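The sequence and structure come first.

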Amino acid sequence: ERRARCCHHARAMAFEVFDDVAFYWFLFSVMVMVIVPMSYSFLSTLQLRPPADWTRQLDSCKEKNERIERERRKDLMSKLFGWRGVGFICSWTLLIALAMRLTVMQNEEMYTFNPYRILAIEEGAEPGEIKKAYRKMSLKFHPDKNQDDDPEKNSCLCPAKEAADLFIKIAKAYETLTDDATRDNYEKYGNPDGYHGTSVTIGLPSWLTDKDNELAILVAYFVALIVIIPTVVGLWWRNSSKFLEDGVMQNTAYRFYRQISEHTAAKFMPGILSSAVEFSEAVPCRNNQADDLSKLHNRVREQFVKNQGDVNNDIMKVKTLLYAFLLREPVPPSLQ
């Protein structure tokens with residue numbers, strides 16, 4: 001009667017095995033393949049050491065070098081605490097946490113169905129030993145004696161769900177070793193159901209298919225597929241569509257195409273370069289700079305060569321700064 005009840009419990013529940021160890025190794029491998037190249041790309045943009053410059057030894061350049069060093073440190077901090085820096089820190093934190101998790105699980109093996117190991121007996125055990133081991137373990141892990149989530153209240157000293165999973169494996173192991181056909185299949189093919197051909201499986205964590213997590217996983221899939229992925233792709237396309245293959249903005253290439261020809265004189269080049277859209281976006285006009293910019297413009301405008309874009313305020317600002325640099329005019333701190 002006990003055996004009948006055990007078999008009834010085993011058949012009532014699907015024999016499913018979810019390999020947490022394999023999943024975490026798979027996830028670790030994928031993260032390494034993604035994080036390492038991204039980290040190399042990010043670190044290559046950081047200037048951790050100041051570039052070699054012989055002018056550092058000159059007292060006359062001390063103030064300039066101090067200013068350059070402050071700007072370099074400021075740029076470094078902005079990169080470290082920017083979105084790429086935060087992503088770099090978070091990704092390595094997750095990778096280290098996963099590595100520590102795998103270290104804890106290093107004694108666990110990826111799941112393979114081994115009825116002898118499940119029943120805690122040696123391979124080639126006699127039918128009497130198999131039956132004895134089955135009775136002992138089925139009583140210990142029987143669902144009727146392990147119905148509480150508190151391990152201390154169960155006979156197997158483990159949660160009810162874990163006990164139920166182990167009970168199914170015990171019943172399956174006993175059935176495999178006591179039935180001549182299934183035992184022969186296991187010894188020949190390593191599978192009690194016989195040869196099933198080549199199959200490809202993916203290790204999945206047990207929590208991914210837990211009924212208690214169905215709603216949360218469904219919401220996560222919805223957010224990832226309907227919100228996050230389209231948003232990321234849209235932002236990427238919006239940004240990348242502004243540039244040509246060589247990294248130059250399309251509007252800049254169009255402006256240069258309209259203004260430069262084989263007959264363009266060199267004196268027009270400062271104004272043409274000032275019309276680059278990259279400069280207009282990187283050097284926005286601010287109200288507190290207006291007075292300093294106006295004074296600087298008055299000092300250099302006599303040297304200006306007229307260009308097509310001189311009516312644009314952004315272009316005029318860049319052109320003023322460029323001429324000031326070429327003429328060695330001091331630039332006010334607010335414009336630096």
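The sections below describe side-chain arrangements in this predicted model.

## Aromatic pairs

The count of aromatic pairs comes to 5. One of them joins Trp25 and Phe28, an edge-to-face pair with 6.1 Å centre to centre and 85° between the planes. The arrangement is called edge-to-face because planes over 60 degrees apart count as such. Both residues of this pair, Trp25 and Phe28, belong to helix α2 (residues 20-43), where they are 3 residues apart, about one turn of the helix. Trp25 has a relative accessible area of 39% and is therefore partly exposed.

Trp236 and Trp237 form a tilted pair, with 6.2 Å centre to centre and 50° between the planes. Trp236 and Trp237 are both exposed.

## Thr252

Thr252 is located in helix α10 (residues 250-259). Its relative accessible area is 2%, so Thr252 is buried, the cut-off for that class being under 20%.

Which residues does Thr252 contact, leaving aside its neighbours within four places in sequence? They are Ala276, Val277 and Glu278. With Val277 there is also a polar contact: a polar atom of the Thr252 side chain lies 2.9 Å from the backbone nitrogen of Val277.

Methods:
Residues numbered from 1 in each chain as written. Predicted model: local features only at pLDDT ≥ 70, side-chain atom pairs only at ≥ 80, totals over all residues. Heavy atoms only, no water. Phe/Tyr/Trp six-rings, centres within 6.5 Å; stacked < 30°, edge-to-face > 60°. Helix = DSSP H or I, 4+ residues; strand = E, 2+ residues; numbered from the N terminus. Buried < 20%, exposed > 50% of the residue type's maximum accessible area, 1.4 Å probe, protein only. Polar contact = N/O pair within 3.5 Å; in protein donor to acceptor, adjacent residues only side chain to side chain. Contact = heavy atoms within 4.5 Å.
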